Amino acid sequence: MKIHIRQEIPSDYQAVFELVQKAFEQEEYSDHQEQFLVEKLRQSTGFIPKLALVAEIDGKPVGYILVTRIKIVNEENQESYPSLALAPIAVLPEFQEKVSEVN
């Protein structure tokens, strides 16, 4: 089983919504709203399209990862530091805990 990783494109949005929803629907420590978080992050100023990635097997999306810009603020002196946040990471349940070759 080979995994192909590519940048997300707008035509992926519905499939990614469903993928993220399925990936988290059985998770105990989830509010089961991660798919809506992805939609909100895409609309934010922190969204970096090149860091929204889809993993595919045989052309079917099976995984997703999103990295966005954030600022970390020091409450004592109000200095802010640019950084990146990684969330969410989603994999369809049937592909979780499996090892594959990535191309």
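The protein chain exposes about 7200 Å², of which carbon and sulfur atoms supply 54%; accessible areas come from the Shrake-Rupley method with a 1.4 Å probe, and for residues only the protein chains shown count as cover. The model is predicted: local features need pLDDT of at least 70 and side-chain atom pairs count only at pLDDT 80 or more, whereas totals for chains, interfaces and linings use all residues. Residues are numbered from 1 along each chain as its sequence is written, and side-chain values use heavy atoms, with hydrogens and water left out. Buried residues (under 20% relative accessible area, 1.4 Å probe, protein chains only) make up 32% of the 103 residues in the protein chain. Along its principal axes, the C-alpha trace spans about 50 × 30 × 25 Å.

The protein chain has two helices and five strands, these being DSSP runs numbered from the N terminus (helices: H or I, at least four residues; strands: E, at least two). From the N terminus on, the elements run β-α-α-β-β-β-β. Among contacts (heavy atoms within 4.5 Å) between residues at least 6 apart in sequence, 55% join residues at least 24 apart.

Helix α1 (13–24) has 12 residues, which at 1.5 Å a residue should span 16 Å; the expected span is 1.5 Å times one less than the number of residues. The end C-alpha atoms of α1 are 17 Å apart, which agrees. In α1, Val16, Phe17, Leu19, Val20, Ala23 and Phe24 are buried. These residues cover an arc of only 165 degrees around the axis, which puts them on the same side of α1; the arc is that of the directions from the helix axis to the C-beta atoms. The cover of the buried residues of α1 includes α2, β2 (47–57), β3 (60–73) and β4 (80–91).

Ser30 lies in the loop between α1 and α2 (34–42). Ser30 is buried, with a relative accessible area of 15%, and its side chain reaches the backbone nitrogen of His32 at 2.8 Å.

Strands β2 and β3 pair in the antiparallel sense over seven bridges, pairing requiring that DSSP find at least two bridges between two strands. Ala52 stands opposite Leu66 in β3. The hairpin of β2 and β3 has two residues between the strands, and Asp58 there takes a positive phi near 50 degrees. Strands β3 and β4 run antiparallel and are joined by 10 bridges; the bridge partner of Val67 in β4 is Leu86. In the hairpin of β3 and β4, with six residues between the strands, Gln78 takes a positive phi near 60 degrees.

Conventions. Buried < 20%, exposed > 50% of the residue type's maximum accessible area, 1.4 Å probe, protein only. Polar contact = N/O pair within 3.5 Å; in protein donor to acceptor, adjacent residues only side chain to side chain.
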